[in-house]
Amino acid sequence: MKINLNDILVNSYDRVMKQLIVIYDDNGDFYTFTPDNLLERIKHMQVQRFDIVSEKLVVIKVVGVINE
């Protein structure tokens, strides 16, 4: 599974942004969050992979489908 981080960053990058969290699921759908608006149900999903890309970008692969 590959996600295009360039598209995500171009569409949601903000120079004053503290951190962006990209979460993708088994369907390949991805969602972007900040630490402040991370959904509670996603906080409880099982993490399969966790990558800290930079100081401002974290990519997380969760097990299952987010919108079920």
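This is a predicted model: local features need pLDDT of at least 70, side-chain atom pairs count only at pLDDT 80 or more; totals for chains, interfaces and linings use all residues.
Two strands count as paired if DSSP finds at least two bridges between them. Strands of a sheet pair through backbone hydrogen bonds, either parallel or antiparallel.

Residues are numbered from 1 along each chain as its sequence is written. Local features need pLDDT of at least 70, side-chain atom pairs count only at pLDDT 80 or more, totals for chains, interfaces and linings use all residues, and side-chain values use heavy atoms, with hydrogens and water left out.

The protein has two helices and four strands, and along the sequence these follow the pattern α-β-β-α-β-β. Both kinds of element are DSSP runs numbered from the N terminus: helices are H or I with at least four residues, strands are E with at least two. Of the 68 residues in the protein, 29% are buried. Here buried means under 20% relative accessible area, exposed means over 50%, and partly exposed is in between, with a 1.4 Å probe and protein chains only. Among contacts between residues at least 6 apart in sequence, 47% join residues at least 24 apart; a contact means heavy atoms within 4.5 Å.

Strand S1 (residues 20-24) runs antiparallel to S2 and is joined to S2 by four bridges. Within this pairing, Val 22 has Thr 32 in S2 as its bridge partner, and Ile 23 has Tyr 31.

Asp 26 forms a salt bridge with Lys 61, the closest N and O atoms being 2.4 Å apart. Because Asp 26 lies in the loop between S1 and S2 and Lys 61 in strand S4 (residues 57-62), the pair ties together parts that are 35 residues apart in sequence. Asp 26 is partly exposed at 48% relative accessibility, whereas Lys 61 is buried at 10%. The criterion for a salt bridge is a side-chain nitrogen of Lys or Arg within 4 Å of a carboxyl oxygen of Asp or Glu.

Asp 25 also lies in the loop between S1 and S2. Asp 25 is buried yet has no salt bridge, and the nearest side chain of opposite charge, that of Lys 61, is 6.7 Å away. For charge, Lys and Arg count as positive and Asp and Glu as negative, while His and the chain ends are not counted. The side chain of Asp 25 does reach the backbone nitrogen of Asn 27, at 3.1 Å. Leaving aside residues up to four places away in sequence, Asp 25 touches Tyr 31, Lys 61, Val 62, Gly 64, Val 65 and Ile 66.

The structure holds three salt bridges. One of them joins Lys 43 to Glu 40, with the closest N and O atoms 3.7 Å apart. These residues are three apart in helix H2 (residues 40-43), and so are separated by about one helical turn. Lys 43 is partly exposed, with a relative accessible area of 47%, and Glu 40 is partly exposed at 47%. Another salt bridge is formed by the side chains of Arg 49 and Asp 51, at 2.8 Å from N to O. Arg 49 counts as partly exposed at 46% relative accessibility, and Asp 51 counts as partly exposed at 26%.

Gln 19 is found in the loop between helix H1 (5-12) and S1. Its relative accessible area of 26% makes Gln 19 partly exposed. Gln 19 and Pro 35 are 16 residues apart in sequence, and their C-alpha atoms are 7.0 Å apart in space. Not counting residues up to four places away in sequence, Gln 19 touches Phe 33, Thr 34, Pro 35, Glu 55, Lys 56 and Val 58.

Methods. A polar contact is a pair of N or O atoms within 3.5 Å; within protein, one must be able to donate a hydrogen and the other to accept it, and residues adjacent in sequence count only if both atoms are side-chain atoms.
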